[in-house]
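Subject: Structure for you to look at

Dear colleague,

Here is the structure I promised to pass on, together with its sequence.

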Amino acid sequence: MMLRFILASLLLSSFSLYSSLARPAPYALRISCGARKNVRTPPTYALWFKDIAYTGGVPANATTPTYITPPLKTLRYFPISEGPNNCYNIVRVPKGHYSVRIFFGLVDQPSFDKEPLFDISIEGTQISSLKSGWSSQDDQVFAEALIFLLGGTATICFHSTGHGDPAILSIEILQVDDKAYSFGEGWGQGVILRTATRLTCGTGKSRFDEDYRGDHWGGDRFWNRMRSFGKSADSPRSTEETIKKASVSPNFYPEGLYQSALVSTDDQPDLTYSLDVEPNRNYSVWLHFAEIDNTITAEGKRVFDVVINGDTFFEDVDIIKMSGGRYAALVLNATVTVSGRTLTVVLQPKAGGHAIINAIEVFEIITAEFKTLRDEVSALQKMKKALGLPSRFGWNGDPCVPPQHPWSGANCQLDKNTSRWFIDGLDLDNQGLKGFLPNDISKLKHLQSINLSENNIRGGIPASLGSVTSLEVLDLSYNSFNGSIPETLGELTSLRILNLNGNSLSGKVPAAVGGRLLHRASFNFTDNAGLCGIPGLPACGPHLSSGAKIGIAFGVSLAFLLIVACAMIWWKRRQNILRAQQIAARGAPYAKKRTHVSHDIQMSRHGHNNHGQARTAVENGPSLLS
């Protein structure tokens, strides 16, 4: 009894220690596109969040193309009127290594293209391009990639290719081990693994890791069923035995993956698998083995070579020997350069007569694109708002990457020294732009050419343009710019062409700007009625300094105020005089009557005095004249 108690205590202590050392659950975000509320879906009842505030686009009811698609009822599509590039911008994503998966859907409306074709990029790197027929292929209804997200955000973009509106059913961002799928030299940050295929062999059912009860740090992978590699080429095997060394770091493969397999036959001793791939790319191939065949019981009973595209990558593979026994997982990995369009894996038996395989994974190795300088991206976004750029431009995501889908009107160039893209040209002429040109344009410090002609841009020309010293061409003609030409434009010593004609500019052309004419620069200031001061323009009057202009303006304002004050005083005096005259006019009859009464009283008093009859003051009463 005491022994059992001690053992139980030790086990409890060990469990507590393990729990304290265990890392927290991986970050996971599942988005149901177009949903108005969060939902849970069977069989695992995973939580899917609504996508409000992540993107634009239009929500709609969805038709799910295959049974492996999450059972969600809505999607979000992006009409071409909203531009060729549309993105989900997800913030507060912890730094780490992630499996990002995007499921596509079909809009449940008769008028929509039943199978839109478009491209997908993650953090500026294109990872997938949909091909015709994708909606009927289980492993093509989604795109998936392993990528390091280090900036605290995840930007997932969909790029129109002219074949229908991109329609997205769901997005998953699932954290995996930092060293997951480390394939050796060249692996790490800056490298993306795009899932080309992931097969579970010898089973009739496609499954996700959660269905296999896999560790969450595995990323909940989808394993597409592979019943056979060809007629009479193989036969299935399966077991319910426990598989050792399966769910281990860093890849955490589910145990169930190794409980089924395909074994070659006497008719076809070689076990062959072929996959169509993109040419001139590098691929990471992962082969999974476990000896679950009851006929193979010891080392040396089954030995084979692994040949990929004609090259032997692994010789004398003995699963029992290399894995440490039967019912134990073995994983082999190879990096392959493919020049053609086919990747072929052949297992060639050397002992035992037959080869065996449990699962296959193939990833395209993609070098992550360099990004555009952050300040320049910010400047373009502010320009987009200030100029009222039409939605059809679709200025979303990164302006320069993926290189297959740059922003319309923005010309990019890669600085190999800093490994960053920058903007060296803006071509937005005749695009119906209005609004104003913001000072932030000066943050595009590598600009060589700006063409904003034939729009309706108003306001002043930003003085900050003078700091873009690389500028060679500045064409702002035929807009509604007003005010004076900034003195700072004279600091653009590389300027070859300056077109400001067809605006409402005024004042004297700065001497520093006019002086550029002597350096064979081409300027055009015509059709600005208020400009003066260089040959071809009217002569200017006496030129006043800014201080003098301010003094004159102040004096004129003061004189105006004095005139107004005097007018008010005169008007008040006039009103007072008129009011006094009106009062006097109304009181005139009463004043006349009172004068007559006073005269009669005086005459009466004079008569009484003459008769010698004296009276007291009380008798006389008050005098009306006193």
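Predicted model: local features only at pLDDT ≥ 70, side-chain atom pairs only at ≥ 80, totals over all residues.

Salt bridges

A search of the whole structure finds 22 salt bridges, and I describe some of them here. D51 pairs with R76, with the closest N and O atoms 2.6 Å apart. Because D51 sits in the loop between β3 (46-50) and β4 (58-63) while R76 belongs to strand β5 (residues 74-77), this pair ties together parts that are 25 residues apart in sequence. Both D51 and R76 are buried.

R101 and D220 also meet through their side chains in a salt bridge, at 4.0 Å from N to O. This pair links distant parts of the chain, since R101 is in strand β7 (residues 96-104) and D220 is in the loop between β15 (207-208) and β16 (222-226), 119 residues apart. R101 and D220 are buried, and they belong to a network of salt bridges that links R30, R101, E144, E172, R198, E210, D220 and E361.

D316 and K350 form a salt bridge as well, with their closest N and O atoms 2.7 Å apart. As D316 lies in strand β22 (residues 311-317) and K350 in strand β24 (residues 342-351), the pair ties together parts that are 34 residues apart in sequence. Here D316 is partly exposed, with a relative accessible area of 44%, and K350 is likewise partly exposed, at 45%.

A buried aspartate without a salt bridge

D119, which is found in strand β9 (residues 117-122), is buried yet has no salt bridge, and the nearest side chain of opposite charge, that of K131, is 7.9 Å away. What does the side chain of D119 make polar contacts with? One partner is the side chain of S129, at 2.6 Å, and another is the side chain of H405, at 2.8 Å. Leaving aside neighbours within four places in sequence, the residues in contact with D119 include C157, F158, H159 and T161.

A nonpolar patch on the surface

Finally, L558, F560, L561, L562, V564 and M568 form a nonpolar patch on the surface, and together they have about 600 Å² of accessible area. Of these residues, L558 is placed in helix α5 (residues 546-610), and L558 is partly exposed, with a relative accessible area of 43%.

Terms used:
Residues numbered from 1 in each chain as written. Heavy atoms only, no water. Patch = residues over 30% accessible without salt bridge, like charges linked within 9 Å, V, L, I, M, F, W, Y side chains within 5 Å. Areas by Shrake-Rupley, 256 points an atom, 1.4 Å probe, with all protein chains shown as cover. Helix = DSSP H or I, 4+ residues; strand = E, 2+ residues; numbered from the N terminus. Buried < 20%, exposed > 50% of the residue type's maximum accessible area, 1.4 Å probe, protein only. Lys, Arg positive; Asp, Glu negative; His and termini not counted. Polar contact = N/O pair within 3.5 Å; in protein donor to acceptor, adjacent residues only side chain to side chain. Contact = heavy atoms within 4.5 Å.
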